[in-house]
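Subject: Structure for your files

Hello,

Here is the structure I said I would pass on. My notes on it follow below.

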Amino acid sequence: MGEGYLYFTGDGGLRRYHIKNDKAYGPSELLCKLKTGGEHDAHAIRRGPDGWLYVLCGNNTNVDKLVKPAATSPIKNPIAGCVLRFSPDFKTTEIVAQGFRNAYDMDFNKYGDLFTFDSDNERCVSLPWYEPTRFYHVIPGGHHGWLNPQQASFWRMPPYYPDVTPPIATLGRGSPTGCICYRHGQFPLHYRGGFFLCDWTFGQIHFISLKSSDATYKAKSEVFLQSVGENGFAPTAAAVHPETGDLFVSIGGRGTRGAVYRVRYPDGVKTAKKDAERWQMKQRGWEPPRGKSQAALDVCPAECDR
């Protein structure tokens, strides 16, 4: 039974509850005024490896009107959706990146690099300048292409512009929601260090594997899980259990069926700790000999239960 804070976006901004013995102690505290409650407003919160609190904002959050960045901020006059960060004492606010449309979630990989999954412009489907959903390596100070209609006469700049940060993967039509890096030892080696991305519209979970390339990454996408039949599967968020390595996926929204699913790799549950240590050694450039049992872990399919 500990004491701490629960951070959330809602009720007009970034807020926190003081938690004691698993209960809120008093009313919530407003830390930063932001537009909330809409589908294109303030979204995800992550604690960064630097100890700062990162907040992902959609293009209707009014960051340009509501947030006064510090002198150290890479961006002073933000455009469209942004990534904000707050110092541990909340005395310093910086705008890390801009030019997103409506990215819902973000996460850091094991090297401390930030990634997010941004939406397409469905109004331009079938037009020559349409661009699909995009997976980004978020570059500090970077503009990721989107321009709000009130700020320009067109919606987004193409990725080949020299002052635009291009995506490292595109994934077609969809509605991006959850974005989580798998940093655990339960799943096979193929999935460790990669990202699971949720698509609400088409009921899919994509997996992105990463390979370093100069100062950024190359990405390869595949469909990890998708719905069949008429049961309904509209994923809204994902999380990895820090102890077991299970992948949890929530579904629902806009009147669809709500539920929480757990994805578990049965053989990996038995050897998760040992295999995680092996994987960490490999990242440091040393890998012990692989036995038959380990090779089998790489090819067995995952089990999905509810």
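In which sense do strand β10 and strand β11 pair, and over how many bridges? Strand β10 (residues 114–118) and strand β11 (residues 134–137) are antiparallel partners, joined over four bridges.

Before the rest, the conventions. This is a predicted model, in which local features need pLDDT of at least 70 and side-chain atom pairs count only at pLDDT 80 or more, while totals for chains, interfaces and linings use all residues. Residues are numbered from 1 along each chain as its sequence is written, and side-chain values use heavy atoms, with hydrogens and water left out.

Overall

The protein has three helices and 20 strands; these are DSSP runs numbered from the N terminus, with helices being H or I of at least four residues and strands E of at least two. Of its 306 residues, 49% count as buried (buried is under 20% relative accessible area, exposed is over 50%, and partly exposed is in between, with a 1.4 Å probe and protein chains only). Among contacts with a separation of 6 or more, 49% are between residues 24 or more positions apart (a contact is heavy atoms within 4.5 Å).

Strands β10 and β11 belong to an open sheet of four strands, ordered β9-β10-β11-β12, with antiparallel pairing (two strands pair if DSSP finds at least two bridges between them). At the edges are β9 (106–108) and β12 (169–170), each of which pairs on one side only. Within the sheet, Phe 115 is opposite His 137 of β11.

Aromatic pairs

There are 22 aromatic pairs (rings of Phe, Tyr and Trp, the last by its six-membered ring, with centres within 6.5 Å; planes under 30 degrees apart are stacked, over 60 edge-to-face, and the rest tilted). Phe 115 and Phe 195 are a tilted pair, because their ring centres are 4.8 Å apart and their planes are at 50°. This pair links distant parts of the chain: Phe 115 is in β10 and Phe 195 in β14 (residues 195–199), 80 residues apart. Phe 115 is buried at 0% relative accessible area, and Phe 195 is buried at 0% as well. Tyr 191 and Phe 196 count as stacked, because their centres are 6.0 Å apart and their planes at 20°; both residues are buried. Tyr 191 and Phe 196 also sit in a cluster linked by ring pairs, together with Tyr 182, Phe 187, Phe 207 and Phe 224.

Charges

Arg 16 lies over the face of Tyr 5, 4.0 Å from the ring centre (CZ of Arg or NZ of Lys within 6 Å of the ring centre and within 35 degrees of the ring normal). Arg 85 lies over Trp 52 at 3.8 Å from the ring centre.

The whole structure has 13 salt bridges (a side-chain nitrogen of Lys or Arg within 4 Å of a carboxyl oxygen of Asp or Glu). Asp 107 and Arg 46 form one at 3.9 Å, N to O. Asp 107 is in β9 and Arg 46 in β5 (residues 42–47), so this bridge ties together parts 61 residues apart in sequence. Asp 107 is buried at 3% relative accessibility. Arg 183 also meets Asp 107 in a salt bridge, at 3.7 Å, N to O; Arg 183 is partly exposed, at 42%. Arg 46, Asp 105, Asp 107 and Arg 183 are linked in a network of salt bridges.

Regards
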